[in-house]
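Subject: Structure handover

Hello,

Here is the structure you asked to have passed on. My notes on what was found in it follow.

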Amino acid sequence: FNSGNRLSTTSPLKTVYATADIEETIEDTFAIYDLPRFIQTIGLFKDADLEFGTNHVRINNGSNQRTDYYYTDASMVVAPPAKGVNVPEGKLDFDLTADNLESVVKAATVLQCPEIMFRGADGIVSIEAVDSKNKGGDTFFLEVGETEHEFSIVISIDKMKLFSNEYNVSIATLGNGACLAHFKSDLVDYVIAAEANSTFKE
């Protein structure tokens, strides 16, 4: 992280990009290996205060709880793009509540589904826990909106380690046919590359 008020990170394969704006000002450059984990740790505290030290950040709530979260060596992380990620205009968007997000991730864990799918079919937007390579496998379905489009946006469950929050989800396509899901909130944003078997009919 560079000095300022914005945290940003990318996954080692550059398939997930996340940013978060914080009230505290970072004075020095440091590295965090797993930003979603760091943000979730901050979420353990109500009205968290962050104190940035030389080798760790202390997270506390001003009373009897605290966590010392240690930095990692900068050579151990893949640096995110300095100017951020240019996300194309979305083809559609819908709202996803924290409860719905938690439900589908929990269902994927219980059913041992390796993927989350955002599907548009028969006028309905759904979020599902699936195994896209096993058509006869167990699934979980949750209706979250309406749409005129037909699509199936498949995302590995490993990429869905999002901060518990309400998101506006935008689905975008690239020129090569690849798809992106942009999760936008007042605290943190994620841009996640969908799996290669995702489809979106124009």
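The largest nonpolar core has 51 residues, and the members that touch the most others are Phe38, Phe118, Tyr167, Phe183 and Tyr190. Strand E2 (16-26) provides the largest share of this core, five residues. Please keep in mind throughout that the model is predicted. As background, nonpolar side chains in soluble globular proteins tend to be buried together.

With neighbours within four places in sequence set aside, Phe183 is in contact with Leu96, Phe118, Ile155, Met160, Leu162, Tyr167, Asn168, Val169, Val188, Asp189, Tyr190 and Ile192. Among these contacts are Phe118, Tyr167 and Tyr190, which are also listed among the core members touching the most others.

Next, the pockets. The largest pocket holds about 920 Å³ of space. Its lining consists of 38 residues, and those nearest the centre are Ser8, Thr9, Thr10, Ser11 and Val78. At least two lining residues come from each of strand E1 (4-10), strand E2 (16-26) and helix H1 (35-42); E1 gives the most, with five. By type, the lining of the largest pocket has 23 nonpolar, nine polar and six charged residues.

For the second largest pocket, the volume is about 370 Å³. It is lined by 16 residues, with Ile22, Ile42, Ala48, Leu50 and Leu187 the closest to its centre. E2, H1 and strand E3 (49-52) each contribute at least two residues to this lining, and E2 gives the most, with five. The lining of the second largest pocket comprises 10 nonpolar residues, one polar and five charged. E3 and E4 are antiparallel, paired over four bridges, and Asp49 has Asn60 in E4 as its bridge partner. The two strands form a hairpin with three residues between them. Strand E4 (residues 56-60) is largely enclosed by the rest of the structure, because four of its five residues are buried, that is, under 20% relative accessible area.

E4 also pairs with strand E5 (residues 66-70), in the antiparallel sense and over five bridges. Arg58 stands opposite Asp68 in E5. E4 and E5 form a hairpin with five residues between them, and in the turn Gly62 has a positive phi of about 80 degrees.

Regards

How values were computed: Residues numbered from 1 in each chain as written. Predicted model: local features only at pLDDT ≥ 70, side-chain atom pairs only at ≥ 80, totals over all residues. Heavy atoms only, no water. 1 Å grid on protein atoms, 1.4 Å probe; cavity = no way out; pocket = protein on both sides within 12 Å on 5 of 7 lines; lining within 4 Å. Points joined across faces, edges and corners; volume = space filled by probe spheres on them. Nonpolar A, V, L, I, M, F, W, Y, C, P; charged D, E, K, R; others polar. Core = buried A, V, L, I, M, F, W, Y, C linked by side-chain atoms within 4.5 Å. Buried < 20%, exposed > 50% of the residue type's maximum accessible area, 1.4 Å probe, protein only. Contact = heavy atoms within 4.5 Å. Pairing = 2+ DSSP bridges.
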